[in-house]
Amino acid sequence: MRTKTPRVIVTFHTTAEAIALEQACGQSGLDGRLISAPRSLSADCGIAWSAPPELRNRIERLLSDGGIEAAGIFEMAV
């Protein structure tokens with residue numbers, strides 16, 4: 001059984017927004033990956049971005065600077 005680790009989870013209204021954050025994080029060299037949105041969270045498109053919690057502020061800045069709209073930003077163990 002895999003051990004759950006703390007992550008920052010970003011949910012989106014559309015797949016395009018999820019992919020935009022993936023590209024922005026890749027260009028900025030930030031660790032993370034697209035995942036299926038956890039059942040406990042609501043995501044219109046069903047996709048979420050998962051990253052180490054220490055990157056939350058940098059991800060929030062990328063969202064703001066890139067005009068990418070997140071449905072929600074959460075910290076949880078996944």
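Predicted model: local features only at pLDDT ≥ 70, side-chain atom pairs only at ≥ 80, totals over all residues.

User: How many residues does helix α1 have, and what is its reach from first C-alpha to last?

Analyst: Helix α1 covers residues 15-28, which is 14 residues. At 1.5 Å a residue, the expected span is 20 Å. The computed reach is close to that value, at 20 Å.

User: Within what arc do the buried residues of α1 fall, seen down its axis?

Analyst: The buried residues of α1 are Glu17, Ala18, Leu21, Ala24 and Cys25. Seen down the axis of α1, they line one face of the helix, because they fall within an arc of 125 degrees. An α-helix has 3.6 residues a turn, so residues three or four places apart point the same way. For the buried residues of α1, the arc is 125 degrees.

User: Which exposed residues does the face of α1 turned away from its buried side carry?

Analyst: The buried side of α1 is covered by elements that include β1 (6-12), β2 (33-36), β3 (47-51) and α2 (56-66). The face turned away from that side carries exposed residues, namely Ala16, Gly26 and Gln27.

User: Is Gly32 buried, exposed or partly exposed?

Analyst: Gly32 is found in the loop between α1 and β2. Leaving out residues up to four places away in sequence, Gly32 touches Arg7, Trp49, Ser50 and Ala51. Buried would require under 20% relative accessible area and exposed over 50%. Gly32 has 24% relative accessibility, so it counts as partly exposed.

User: In which sense do β2 and β3 pair?

Analyst: β3 is largely enclosed by the rest of the structure, because 4 of its 5 residues are buried. β1 and β3 pair in the antiparallel sense over 4 bridges, with Val8 opposite Ala51 in β3. In β3, Ser50 is the bridge partner of Arg33. Over 4 bridges, the sense in which β2 and β3 pair is antiparallel.

User: Which relative accessible area does Cys25 have?

Analyst: Cys45 counts as partly exposed, at 22% relative accessibility. Cys25, in contrast, is buried. The relative accessible area of Cys25 is 0%.

Definitions and conventions
Residues numbered from 1 in each chain as written. Heavy atoms only, no water. Helix = DSSP H or I, 4+ residues; strand = E, 2+ residues; numbered from the N terminus. Expected span 1.5 Å × (residues − 1). Buried < 20%, exposed > 50% of the residue type's maximum accessible area, 1.4 Å probe, protein only. Arc of directions from axis to C-beta. Contact = heavy atoms within 4.5 Å. Pairing = 2+ DSSP bridges.
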